[in-house]
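Welcome! Open your viewer, get ready to select a few residues, and follow along one stop at a time.

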Amino acid sequence: MKYIIALIGVILVALSIANSVDAIQPEAQVEVVSYTVHHGDTLWSIANRYAPEHIKDIREFMWQICQDDRNQNLFKAGRFLQPGDQLLIPLSIKK
């Protein structure tokens with residue numbers, strides 16, 4: 001009987017956690033485009049091509065691209081973009 005009550009308690013806690021996680025609305029999913037880096041491309045030129053219209057400073061958008069977890073391996077210290085690299089570009093910027 002103790003085990004059943006303990007199991008029910010665990011289930012209730014798990015459901016409570018699941019509901020609280022659902023209650024925290026993650027930021028809206030940002031649509032991304034995959035871009036293959038070509039010879040002569042720079043992060044500046046790529047960001048200029050895809051920056052949302054409301055961006056006043058392209059460096060803000062470049063920072064957003066670099067901070068995306070999916071691009072982390074491309075921006076390790078001392079590494080340059082290379083032809084063939086796949087870069088994921090957000091089509092909007094997080095505030």
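A residue counts as buried when its relative accessible area is under 20%. Keep in mind that you are looking at a predicted model.

**Stop 1: helix α3.** Select residues 58–67, which make up helix α3. Which residues are buried here? Colour I58, F61, M62, Q64, I65 and C66 to see them.

**Stop 2: where two helices meet.** Keep α2 and α3 on screen. Their axes lie 9 Å apart, and the packing angle is about 105°. Angles of 65 to 115 degrees count as roughly perpendicular, so that is how α2 and α3 are arranged. Show the side chains next: from α2, pick L43, W44, A47, N48 and Y50, which meet I58, R59, F61, M62, I65 and C66 of α3. The residues of this contact comprise nine nonpolar, one polar and one charged.

Stop 3: In soluble globular proteins, nonpolar side chains tend to be buried together. The largest nonpolar core here has 15 residues; select L43, I46, F61, I65, L87 and I89, which touch the most other members. At least two residues come from each of α2, α3 and β2, and α3 gives the most, with five. Click on I46: beyond its neighbours within four places in sequence, I46 is in contact with Y35, V37, D41, L81, L87 and I89.

**Stop 4: a loop residue.** Finish at N71, in the loop between α3 and β2. Is N71 buried or exposed? N71 is buried, with a relative accessible area of 0%. Setting aside neighbours within four places in sequence, N71 is in contact with I65, Q86, L87 and L88.

Note on methods: Residues numbered from 1 in each chain as written. Predicted model: local features only at pLDDT ≥ 70, side-chain atom pairs only at ≥ 80, totals over all residues. Heavy atoms only, no water. Buried < 20%, exposed > 50% of the residue type's maximum accessible area, 1.4 Å probe, protein only. Helix = DSSP H or I, 4+ residues; strand = E, 2+ residues; numbered from the N terminus. Contact = heavy atoms within 4.5 Å. Axes fitted to C-alpha atoms, helices over the stretch in contact; angles between N-to-C directions. Parallel < 35°, antiparallel > 145°, perpendicular 65-115°, else oblique. Nonpolar A, V, L, I, M, F, W, Y, C, P; charged D, E, K, R; others polar. Core = buried A, V, L, I, M, F, W, Y, C linked by side-chain atoms within 4.5 Å.
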